[in-house]
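Hi,

Here is the structure I promised to pass on. Have a look at it first, and then read on for what turned up.

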Amino acid sequence: MDTTLFRDLDPYSCGFCGKPISTERRRRHAKFCTSECRTARDRATWRKLNPRLHDLPRWQVGAANELRAAYFLMTRSFDVFRNMSHVGVVDLAAHSEKTGWLGVQVRTGSMMPSGKLTFPKQESSPGFDVLIVVCGDEISVFDSEENPLKGHPWKT
Ligand SMILES: [Zn+2]
């Protein structure tokens, strides 16, 4: 039997560990017995939403996401070139007849429990034309001001 459903409905039991919530905390409409339980629940939710980030070292996730971004561009008729030095203003260069040459920055995003996509913000001088944020299987494309780019040739 899945008891998590009952925990959500029971105002007297912690939504994470199931232990009783103190009267004082219940008065403040707390759903967890301690702040540690709340944090643990938030972390568990985040891990569930972002499973791949925990299986690999951070640098390897970034490298894999560059390849995902390259695949995304290649399957939309771009020629894609990778920065061999792994440092610099862009991670990828992409070219198509429609767009010409584009500097592409790739970042690894995370999905928040609210459903909002978050990713590391750019430094003072962006130096790229397009930002691709890879979050698990989802790819989002932004312009250099980090405004979403929608429609062909970016449509996902
Ligand atoms: Zn608890």
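Which residues does L73 touch, if you leave out those up to four places away in sequence? In this predicted model, the answer is F78, V80 and A94.

L73 also turns up in the largest nonpolar core, which has 19 residues. Along with A69, L92, V104 and I132, L73 is among the residues with the most contacts inside that core. Two or more core residues come from each of α4, β2, β3 and β6, and β6 gives the largest share, with 6 residues. There is also a second, separate core: 5 residues, including C14, F16, I21 and C33.

Now the sheet. Five strands make up an open sheet with mixed pairing, and going across, the order is β1-β2-β3-β6-β7. On average, neighbouring strands are turned by 30° against each other, direction ignored.

Strand β6 covers residues 130-135 and runs antiparallel to β7, with 6 bridges joining the two. A handy place to start is V130, which stands opposite D143 in β7.

Last, the helix over the sheet: α4 (residues 58-74) lies across β1, β2 (92-96), β3 (100-108), β6 and β7. Its direction is about 140° to that of β3.

Cheers

Notes. Residues are numbered from 1 along each chain as its sequence is written. This is a predicted model: local features need pLDDT of at least 70, side-chain atom pairs count only at pLDDT 80 or more; totals for chains, interfaces and linings use all residues. Two strands pair if DSSP finds at least two bridges between them. Helices (H or I, at least four residues) and strands (E, at least two) are DSSP runs, numbered from the N terminus. Axes are lines fitted to C-alpha atoms, for helices over the stretch in contact, and angles run from 0 to 180 degrees between N-to-C directions. Two residues are in contact if their C-beta atoms, placed from the backbone, lie within 7 Å. A nonpolar core is a set of buried Ala, Val, Leu, Ile, Met, Phe, Trp, Tyr and Cys residues joined through C-beta atoms within 7 Å. A residue is buried if 20 or more other C-beta atoms lie within 10 Å of its own, exposed if 12 or fewer, and partly exposed in between; C-beta atoms are placed from the backbone.
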